[in-house]
Amino acid sequence: MEQTVTILSGRDGQRTVQCVGEFDADTLVPLQAACATASGPRVEVLVLDVRRVAFADSSFLNLLLTLRLEHYVRLVGPVPRELARLLEMTGAHLLFDVQDDVPDA
């Protein structure tokens, strides 16, 4: 699956990053860069659309946890099975707001 990362427009104080494809230590750089760009000083909520994440490893989880230190992070799903399992196994599912719908653009 081809990887794409897109910053979508959002409401005041909210930015959405759409994640598509596989994310591991070798392929995480575009997502890190997009999140850094999307999370400006006026961004209160960083929304990650993870509906089309085919694979995510601990480096993806580490990025989510790092982002959470500076922003309220919301995941838009439904969260794919593998990612949901990673979040549940580590207890990280308790740290994120998950919405099973499309964020307001």
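The face of helix α3 turned away from its buried side carries the exposed residues R81, R85, E88 and M89; here exposed means over 50% relative accessible area, buried means under 20%, and partly exposed lies in between (1.4 Å probe, protein chains only). The model is predicted, so to speak of local features a pLDDT of at least 70 is needed, side-chain atom pairs count only at pLDDT 80 or more, and totals for chains, interfaces and linings use all residues. Residues are numbered from 1 along each chain as its sequence is written, and side-chain values use heavy atoms, with hydrogens and water left out.

**The whole chain**

- The chain has three helices and five strands, where helices (H or I, at least four residues) and strands (E, at least two) are DSSP runs numbered from the N terminus.
- Along the sequence, these elements follow the pattern β-β-α-β-α-β-α-β.
- The radius of gyration of the chain is 12 Å, close to the 13 Å that the globule rule gives for 105 residues, so the chain is as compact as a globular protein of that length. This radius is taken over C-alpha atoms, and the rule is 2.2 Å times the number of residues to the power 0.38.
- Of the 105 residues in the chain, 40% are buried.

**The sheet**

- Five strands form an open sheet with mixed pairing, in the order β1-β2-β3-β4-β5; two strands pair if DSSP finds at least two bridges between them.
- At the edges are β1 (4–8) and β5 (97–99), each pairing on one side only.
- From one strand to the next, the twist averages 25 degrees.
- Strands β1 and β2 run antiparallel and are joined by five bridges; V5 stands opposite C19 in β2.
- The hairpin of β1 and β2 has five residues between the strands, and G13 in this hairpin takes a positive phi near 80 degrees.
- Strand β3 (residues 45–56) pairs with β4 (residues 72–76) in the parallel sense over five bridges. The bridge partner of L48 is L75 in β4.

**Helices on the sheet**

- Helix α1 (residues 29–38) packs on the sheet and touches β1, β2 (14–23) and β3, with its direction at about 180 degrees to that of β2. Contact means heavy atoms within 4.5 Å, while axes are lines fitted to C-alpha atoms (for helices over the stretch in contact) and angles run from 0 to 180 degrees between N-to-C directions.
- Helix α3 (residues 81–90) also packs on the sheet, touching β3 and β4, and its direction makes about 115 degrees with that of β3.

**A closer look at α3**

- L83, L86 and L87 are buried in α3. Seen down the axis of α3, its buried residues fall within an arc of 95 degrees, so they line one face of the helix; the arc is that of the directions from the helix axis to the C-beta atoms.
- These buried residues pack against β3, α2 (58–70) and β4.
- Just after α3 comes G91, with a positive phi of about 80 degrees.

**Salt bridges**

- The structure holds two salt bridges, each a side-chain nitrogen of Lys or Arg within 4 Å of a carboxyl oxygen of Asp or Glu.
- One joins the side chains of R51 and D49 (2.5 Å, N to O). R51 is partly exposed, with a relative accessible area of 33%, whereas D49 is buried at 3%.
- D97 forms a salt bridge with R74, their closest N and O atoms being 2.8 Å apart. Because D97 lies in strand β5 and R74 in strand β4, the pair ties together parts that are 23 residues apart in sequence.
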